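Subject: Structure for you to look at

Hello,

Here is the structure I promised to pass on. Please open it alongside this note, and then read on for what turned up.

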Amino acid sequence: MQREKRISPLNRIHNLIFLHIPQSKAGTATPKTYPRLSRPDHAKPGCSPFALSPLFLTLVMTAVLLSGCAGLQGGLGKGAPDKEAKASAEEEQAAGQEEAPQLEVDPYQSISNSMAAGDPTEAVNKFEQAYSKDPNSPETQLLYSSLLISVGKAAEAETVLQKLVENEQADADALYNLALAKGMQGKAAEQATLLKQAIDKDPDHAPAHATLGEIYLEKKELDKAQQQFAKSIDADPDNFIARTGYGHVLIRKKKYEEAVTQLDRAVELKPNYPFSYVDRAKAKSSSGDINGALADLTEAVKLDPDHYWNYIDRGKLRLYVNNLEEAYADFNRAAELRPDYFLSYVYRGGAHEDLDKTEAALADYRKVAELRPDYYPIYQPYALLAFERENYTEAAEAFASHYERYKEDHGHGLMAAASYYLAGEKEKGDRYIKKHMDQMPRETYLYDVARTFIEKGYDSYLITKLNSEHKITIKTRALFYAALYYELQGNLGLARKYYLEVDEANIYGLIETRLAEAKLENAFDEPSNPEDPAQQANPADSGKADESESPAPQGTEIE
């Protein structure tokens, strides 16, 4: 029987390099791709940790995910909140005072393996030199393991290194390489044990301290991580992993200026590594240095022009400084890079709305609802814009989707029914109100409004009650729904009267204020006929309530 041909380790190295270095042209490696995990697609945007320009005060800050934007004037544009959506699917209302946006700090992702990989060509050269001198020495086997790690052959590297351990030939460097190989295979506990063993053999082993610090950082054990990074830097001030990790710890501890100092050194050590600029941008943004953060993100885009999240983050900052056109360009580029991921459409829709490109904004909001129907923060701005454009069926469905998630926002339930009525779908409107009105507290005006829509003559009771209401915010919201009712009944005189009262109250942040203004612009731009008695009848002719202009605190429902 013919013996199987044995391939020397040296030839295996050349085979590995040939197979694992991507080729763009014969003999030419493709440009380096930078190790960095993308943010998980399942992350929902929720209450964002940063507040953007008024432009985004209503839609994205919770972010991803959010909750409670019911009462705010909607839209990523025209005063809406924001958050990425970066993290859960809910958004908290942003409170009045604008703050500089803090770019989201993603869960830390270890870069030890990728940094250890280094340049495979350099690893080959070192191995060839050692192999030519002593192919079986521990030093040669260590270099061989480094090369295997550099091309992603973690299991093979582990086999080589395990033999050194069994033969009691493993020094701190060998234990460190073995830890890297374990980590590449997801064996985190074994990796940590080996790193501690390496440190026991060499207390000044900077890479081992840095990688152990990363493990603690990924587990959010910030103090332990900081201690390990500090030891690594003490042993080797030029350890890039330690500088980067230390910067992350300081960002999470909200020590932004100190974080910038660490990340400045990281940028000096590896000026062509794009994520050093990204990390420093997050620290600068959080400390209020928006121009510095923008400069860093621009450099990151130059170094890695196809990285989706850099465009999202830079676009957010450009929104904050009111650079709408360039923000739009960033979100548009992000959509081109990942056309099937929803978040760029969230932000681009808001930019479109602020640029008064309402049809384009609607198209983006539709796309979000298509790609991520469980991203509930989109439905309020979507519904408001569709309503303003008189796309009433579309508005009804969007209001209903919002109300499905935010069950205390009863005004959105009324808007869903009213939108069905305006679309000419009376049966749907009636069914919707009857299905949901029991969810509305009976002591509130919302319940009274719901009864007004389905019980003939109930409007007289509602208006009489409103005439004695002194809380301007509550009264204003209820008057908007009364105006909708009278418009549906064909009593355009009363409808216009109440829309005007809502508009003139001018209470910032109420969706009813925005929608009353749109109604007056679209359908009631001309005064009604003063000689038409049908348009003059007031169902309740009692005294006018105190209509002080002082805005009252806004609630999420009409009480």
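Let me start with a pair of helices. H8 and H10 cross with a left-handed sense. H8 covers residues 206–218 and H10 covers residues 240–252. Their axes lie 9 Å apart, at an angle of about 25°. An angle under 35 degrees counts as roughly parallel, so H8 and H10 are roughly parallel to each other. On the H8 side, Ala210, Glu214 and Leu217 make the contact. On the H10 side, the residues are Ile241, Ala242, Gly245, His248, Val249 and Arg252.

One caution before the rest: this is a predicted model.

The overall picture

The protein has 559 residues, and 55% of them are buried. Its secondary structure comes to 26 helices and six strands. Take the contacts with a separation of 6 or more: 61% of them join residues 24 or more positions apart. The accessible surface is about 24700 Å². Carbon and sulfur atoms account for 47% of that surface.

The cores

In soluble globular proteins, nonpolar side chains tend to be buried together. Here, the largest nonpolar core holds 83 residues. Which residues have the most contacts inside it? They are Leu343, Phe387, Phe399, Phe453, Phe480, Leu484 and Tyr499. Helix H24, residues 472–488, gives this core its largest share, with ten residues. A separate core has 43 residues, including Ile149, Leu180, Leu195 and Ala198.

Phe387 is worth a click. Set aside its neighbours within four places in sequence. Phe387 then contacts Tyr392, Ala395, Phe399, Met415, Ser419, Leu422, Leu484, Leu515 and Lys519.

Now go to H11 (residues 256–269) and H12 (residues 274–287). Their axes come within 9 Å and cross at roughly 160°. Angles over 145 degrees count as roughly antiparallel, so that is how H11 and H12 run relative to each other. This crossing is left-handed. H11 brings Tyr256, Ala259, Val260, Leu263, Asp264, Ala266 and Val267 to the contact. H12 meets them with Ser276, Tyr277, Asp279, Arg280, Ala283, Lys284, Ser286 and Ser287.

Is Asp296 buried or exposed? Its relative accessibility is 4%, and the cut-off for buried is under 20%, so Asp296 counts as buried. Asp296 sits in helix H13, residues 290–303. Beyond four places in sequence, Asp296 touches Tyr277, Arg280, Ala281 and Lys284. Of these, Tyr277, Arg280 and Lys284 are also among the H12 residues that meet H11.

Asp330 is another buried aspartate, with a relative accessible area of 2%. Asp330 belongs to helix H15, residues 324–337. Not counting residues up to four places away, Asp330 touches Tyr311, Arg314, Gly315 and Arg318. Asp330 and Ser344 are 14 residues apart along the chain, and their C-alpha atoms are separated by 8.8 Å.

Ala450 is buried too, at 0% relative accessible area. Look for Ala450 in helix H22, residues 445–454. Leaving aside neighbours within four places, Ala450 is in contact with Leu414, Ile433, Met437 and Met440. Ala450 and Gly413 are 37 residues apart in sequence. From C-alpha to C-alpha they are 9.3 Å apart in space.

Two loop residues with positive phi

Where does Glu390 sit? Glu390 is in the loop between helix H18 (379–388) and helix H19 (392–405). Its phi is near 65°, a positive value in a residue other than glycine. Glu390 is partly exposed, with a relative accessible area of 39%.

Asn506 is not a glycine either, and its phi is positive at about 50°. Asn506 lies in the loop between helix H25 (492–505) and helix H26 (511–522). With 57% relative accessibility, Asn506 counts as exposed.

Best wishes

Methods
Residues are numbered from 1 along each chain as its sequence is written. This is a predicted model: local features need pLDDT of at least 70, side-chain atom pairs count only at pLDDT 80 or more; totals for chains, interfaces and linings use all residues. Side-chain values use heavy atoms; hydrogens and water are left out. Helices (H or I, at least four residues) and strands (E, at least two) are DSSP runs, numbered from the N terminus. Buried means under 20% relative accessible area, exposed over 50%, partly exposed in between (1.4 Å probe, protein chains only). Contact means heavy atoms within 4.5 Å. Accessible areas come from the Shrake-Rupley method with a 1.4 Å probe; for residues, only the protein chains shown count as cover. A nonpolar core is a set of buried Ala, Val, Leu, Ile, Met, Phe, Trp, Tyr and Cys residues joined through side-chain atoms within 4.5 Å. Axes are lines fitted to C-alpha atoms, for helices over the stretch in contact, and angles run from 0 to 180 degrees between N-to-C directions. Angles under 35 degrees count as roughly parallel, over 145 as roughly antiparallel, 65 to 115 as roughly perpendicular and the rest as oblique. A crossing is left-handed if the near helix is turned anticlockwise from the far one by less than a right angle, and right-handed if clockwise.
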